[in-house]
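This report is for a reader who is new to protein structures. Please look over the sequence and the model before reading on.

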Amino acid sequence: MKKRLIAVLMCAAMVTVLGAGCGSKKEDTKETSDTKKEYTEDELKDSMKGVKLKVGTTGLFGPFTYYDEDGKTLIGYDVDLLNDLQELLGFEIDGGLQAIMDYSALTTSLAENKLDIGAAALCATDERKEVMKFSDIYCDSGQVVMVNKSNDEGIKSVDDLKGKKVAVEKGTASHTYASKNLSDADLEVHDTITTAYESLEQKKVDAVIQDGPGANFYIKTTPDSNLEVVGDEFNQGQAPYCVAISKECKYYDEI
């Protein structure tokens, strides 16, 4: 039984997704409506047996993909999703799950066909859709503003960032938003969100913009943190998390 890879992954993802703390989506997206076909779980079972796929993630975006306390074991929602997809579909991960610690490098690897699949709370932005394909949305996030509680900069929302020094992670939806909408702020671009958080903890910047789930997870799991989220989520609907698939994947057309 042959199926288009993207349709298999979209349907399989919907079979395995049980929720990640934000809104799961079952609606068709424009870029997938012409390829999507519904399959039953029985039809999907072992439908990719014998297939090897190069799969990448990142280890710095909890609760979706991060390292356990041992500092070596990748865990998180996206890792669980990949494990469930692998168990259901029967494919093998060629060389093991690759942890690429930089979103720009991860998306470049997908665009250049160095990876077949990427699962790391990747946003299906218009720019990325030009060089890769995406599954259905499994979580839709907005951005939030984070500040240091011991700073008195009067920042209560994204509207208060004029003239402020704002840190973002390179290649993320927050980076895109800040580049387009915060021209009157001093933007500091970090390779990883970890160093952006560190800069704010050390009061080297006035604020960090980050996706809501990641920001709240950091605060919840860092007991000695001085950071807090202020204001409401903004830019909602512009950070739809999906599984990404390389357009040049040799299994893309059919398997």
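**Overall make-up**

The model is predicted. Its protein chain holds eight helices and 14 strands. Of the 255 residues in the protein chain, 53% are buried. The accessible surface is about 11800 Å², and carbon and sulfur atoms account for 43% of that surface. Among contacts between residues at least 6 apart in sequence, 74% join residues at least 24 apart.

**Helix α8**

Helix α8 spans residues 212-221, and its buried residues include Gly 212, Pro 213 and Phe 217. Ala 215 and Tyr 218 are buried as well. The elements that cover the buried residues of α8 include the strands β3, β4, β10, β13 and β14, along with helix α7.

**Lys 165**

Lys 165 is in strand β11, which runs over residues 165-169. Lys 165 has a relative accessibility of 29%, so Lys 165 counts as partly exposed. Leaving aside residues up to four places away in sequence, Lys 165 touches Asp 186, Glu 188, Lys 204, Val 205, Asp 206 and Ala 207. Ala 207 is 42 residues from Lys 165 along the chain, and the C-alpha atoms of the two are separated by 6.6 Å.

**Cysteines**

How many disulfides does a search of the whole structure find? The search finds zero. A disulfide is a covalent bond between the sulfur atoms of two cysteines. The closest cysteine sulfur to that of Cys 123 is in Cys 242, 8.2 Å away, which is too far for a bond. The cut-off for a disulfide is 2.5 Å. Cys 123 is buried, at 3% relative accessibility, and Cys 242 is buried, with a relative accessible area of 1%.

**Salt bridges**

Side chains of opposite charge can pair when their charged atoms come close. A search of the whole structure finds five salt bridges. The table includes three of them.

| Salt bridge | Closest N and O atoms |
|---|---|
| Asp 126 and Lys 129 | 4.0 Å |
| Glu 153 and Lys 164 | 3.3 Å |
| Lys 180 and Glu 127 | 3.7 Å |

Lys 180 is exposed, with a relative accessible area of 61%, while Glu 127 is partly exposed at 43%.

Asp 126 and Lys 129 are both in helix α5, and because they are three residues apart there, about one helical turn separates them. Asp 126 is exposed, with a relative accessible area of 56%, and Lys 129 is partly exposed at 29%.

In the remaining pair of the table, Glu 153 is partly exposed, with a relative accessible area of 32%, whereas Lys 164 is buried at 17%.

How values were computed. Residues numbered from 1 in each chain as written. Predicted model: local features only at pLDDT ≥ 70, side-chain atom pairs only at ≥ 80, totals over all residues. Heavy atoms only, no water. Buried < 20%, exposed > 50% of the residue type's maximum accessible area, 1.4 Å probe, protein only. Helix = DSSP H or I, 4+ residues; strand = E, 2+ residues; numbered from the N terminus. Contact = heavy atoms within 4.5 Å. Areas by Shrake-Rupley, 256 points an atom, 1.4 Å probe, with all protein chains shown as cover. Salt bridge = Lys/Arg side-chain N within 4 Å of Asp/Glu carboxyl O.
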